[in-house]
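This briefing covers surface patches, pockets and salt bridges, with the cut-offs behind each term.

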Amino acid sequence: MASGDFCSPGEGVEILQQVCVKQFPPCALTEEDLIQNPNFSKLLLSLSQHMDESGLSLTLAKEQAQAWNEVRLRKMAWLRYEILQRIIQELLVDYYVKAQDKNLTSEDKKFHETLEQRLLVTELAQLSGPGQEPEMPPLLGFEKADLLELMPPSQDFVWMRERLRLEVEEQLKRKCFTLLCYHDPSSDTDGETLKAAKVWKLPEVLVGEKQQCLEARNLQKEQLVLLEKKRATYSQALLRCLTLLQRLLQEHRLKTQSELDRINAQYLEVKCSAMILKMRMEEVKVLSDTYSAEKLEVHRLIRDRLEGAIRLQEQDLEKSRLVLKTYEVLGEDFENLVKEYSQLKQATENKRWALQEFSKP
């Protein structure tokens with residue numbers, strides 16, 4: 001290699017520092033590598049201007065960040081819609097229960113009917129709206145304009161929407177207070193103002209607790225790995241010590257010290273066993289702290305249920321196999337009869353449906 005292909009040590013250190021400052025993706029580079037390959041070093045510097053620390057190009061990293069932001073916004077919007085939809089469904093279920101118990105007032109009945117009518121017509125309009133494929137016929141022959149005629153009166157809708165807002169706010173407040181009392185049972189006796197203040201801070205508290213749990217879990221995994229490594233290292237060291245002692249005894253053949261050495265070897269062996277048992281006890285303690293008696297009982301119940309379900313499935317499988325073997329003996333004539341019976345059954349169902357449709361007023 002020509003002398004021009006090398007760079008001075010000072011230049012190598014400077015290039016190495018620049019590469020580190022640019023936060024180039026991890027690579028095992030030393031000062032000697034950069035000194036012997038200056039062109040490669042310059043290539044790294046030029047690449048680091050177009051890449052981030054993860055190895056992506058700056059444009060792609062920006063697009064990825066925008067995509068994740070868009071996903072987060074869409075997820076948040078979907079969650080809001082899903083929460084509102086579930087709360088409305090819960091309100092409808094509550095009104096159905098009250099209607100069965102005959103505890104509905106005239107206003108409650110009107111609110112329930114207006115809300116249910118609005119939801120049904122809106123869902124049908126969405127099914128027959130622009131999202132439908134053009135070659136498909138309208139649902140049940142209805143156009144969107146026909147469905148909009150079934151909308152409740154505007155005055156009832158405005159009144160229902162105002163009351164629905166209050167009902168949803170009250171339902172959300174109860175759910176927030178329930179979550180707060182579950183997280184902090186001492187808050188059950190607090191007033192609504194204090195509960196509202198605690199609910200306002202609850203997301204930050206939950207995020208912090210989640211982060212603490214993740215950190216504790218990662219720390220536990222690291223400690224378990226470290227404990228396993230230390231146990232293996234300590235056991236190997238003890239075994240090496242025992243091997244060395246045995247070799248010393250065999251090489252020097254000490255007569256006066258033979259008994260003492262034998263006792264020491266036994267002592268070290270017992271100590272090694274004790275340390276191994278102690279490490280095993282620590283491992284069992286960590287497992288007992290991780291899995292409580294309740295968790296083990298739940299796991300045992302789940303296992304019993306799964307085994308029972310597997311046995312039932314195996315029995316059903318065996319019965320199905322016997323039935324299939326019985327049908328296989330009948331041959332192709334039975335298959336033709338089954339196809340003909342299926343066709344007759346389908347034709348009968350179609351005619352019965354048509355008869356019901358023509359019988360309607």
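Trp78, Leu79, Ile83 and Leu172 make a nonpolar surface patch of about 370 Å². The model is predicted: local features need pLDDT of at least 70, side-chain atom pairs count only at pLDDT 80 or more, and totals for chains, interfaces and linings use all residues. Residues are numbered from 1 along each chain as its sequence is written, and side-chain values use heavy atoms, with hydrogens and water left out.

**Nonpolar patch**
- Patches take residues with over 30% relative accessible area and no salt bridge, joining like charges within 9 Å and nonpolar side chains (Val, Leu, Ile, Met, Phe, Trp, Tyr) within 5 Å.
- Accessible areas come from the Shrake-Rupley method with a 1.4 Å probe, and for residues only the protein chains shown count as cover.
- Helix H4 (residues 58-101) gives the patch its largest share, three residues; helices are DSSP runs of H or I with at least four residues, numbered from the N terminus.
- Ile83 is found in helix H4 and is partly exposed at 45% relative accessibility, where buried means under 20%, exposed over 50%, and partly exposed in between.

**Pockets**
- A pocket is an open set of points on a 1 Å grid over the protein atoms alone, where a 1.4 Å probe fits, with protein on both sides within 12 Å along at least five of seven lines; lining residues have an atom within 4 Å of a point.
- The largest pocket has a volume of about 390 Å³, a volume being the space filled by probe spheres set on points joined across faces, edges and corners.
- Its lining has 16 residues, with Leu84, Gln85, Ile88, Leu119 and Thr122 nearest the centre.
- H4, helix H5 (106-127) and helix H7 (154-183) each give two or more residues to that lining.
- The lining of the largest pocket divides into nine nonpolar, three polar and four charged residues; Ala, Val, Leu, Ile, Met, Phe, Trp, Tyr, Cys and Pro count as nonpolar, Asp, Glu, Lys and Arg as charged, and the others, Gly among them, as polar.
- The second largest pocket, about 190 Å³ in volume, has a lining of eight nonpolar, no polar and no charged residues.
- H8 supplies the largest share of the lining of the second largest pocket, six residues.

**Salt bridges**
- The count is 13 salt bridges, each a side-chain nitrogen of Lys or Arg within 4 Å of a carboxyl oxygen of Asp or Glu.
- Glu90 pairs with Lys175, the closest N and O atoms being 3.1 Å apart.
- Glu90 lies in helix H4 and Lys175 in helix H7, so this pair ties together parts 85 residues apart in sequence.

Methods: Buried means under 20% relative accessible area, exposed over 50%, partly exposed in between (1.4 Å probe, protein chains only).
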